[in-house]
Amino acid sequence: SQGGLRDALNLLEQSTLIYGTSVRLFQAQEMLGLTGDPRALSVAMFVLQGDVSGSLRLISQAGQDGVDLRQFTKEIIDYLRSVLLIKTNTADSVDLPSATVEMLKTLSKSVVLDNVVKCLEFFTAIDFRQEHRPDIALELAAVKSCSYASQIIIDATVVTETVGVLV
């Protein structure tokens, strides 16, 4: 009531005028000013690469800038999920701008699937209802993810060196 449906229909009409009859989620978010924080993508990339300092620096900056860390975490999870979908050859399910998808495709080539799964587990395990300091919960998930990624990188290096010695 009070014009809410009319407003929704007007927004729908505007979006189809701008983007055509097939409006994608990221386009609707962009039109409504809900594009999110670009640092979330960087944090997702950093944790998959095992970069603790990079991920913690961006999380701290986001917190200091007053970003809602619950929403920020959801965005990180969405990017990690997108990498998971790309790694499992279902990139057509990823609803992001094509430049972002290409960047995530490149990243997905350098990470193992198990690492992506573990990162998703760490970030989705955060229960903000129980957290008095959401920044700490988010930082711990990032550190755990980076530690796991670093261990995979170390294990791969040891295997490569061992195989090189045996050959």
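Trainee: Which helix does Thr16 lie in?
Mentor: Thr16 is part of helix H1, residues 4-19. Helices here are DSSP runs (H or I) of at least four residues, strands are E runs of at least two, and both are numbered from the N terminus. This is a predicted model, where local features need pLDDT of at least 70 and side-chain atom pairs count only at pLDDT 80 or more, while totals for chains, interfaces and linings use all residues. Residues are numbered from 1 along each chain as its sequence is written, and side-chain values use heavy atoms, with hydrogens and water left out.

Trainee: What does Thr16 contact, leaving aside neighbours within four places in sequence?
Mentor: Thr21 and Val23. Contact means heavy atoms within 4.5 Å.

Trainee: And how exposed is Thr16?
Mentor: Thr16 has a relative accessible area of 30%, so it counts as partly exposed. Buried is under 20%, exposed is over 50%, and partly exposed is in between, using a 1.4 Å probe and protein chains only.

Trainee: Okay, new topic. How many salt bridges are there?
Mentor: Six. The rule asks for a side-chain nitrogen of Lys or Arg within 4 Å of a carboxyl oxygen of Asp or Glu.

Trainee: Why would side chains pair like that?
Mentor: Side chains of opposite charge can pair when their charged atoms come close.

Trainee: Which residue does Asp65 bridge to?
Mentor: Asp65 pairs with Arg39, at 2.6 Å from N to O. That pair links distant parts of the chain, 26 residues apart: Asp65 is in the loop between helix H4 (52-64) and helix H5 (69-87), and Arg39 is in helix H3 (residues 39-49).

Trainee: Are those two buried or exposed?
Mentor: One of each. Asp65 is exposed because its relative accessible area is 55%, whereas Arg39, at 16%, counts as buried.

Trainee: What about Asp37 and Arg39, what distance is given there?
Mentor: Their salt bridge is 2.7 Å, N to O, and both Asp37 and Arg39 are buried.
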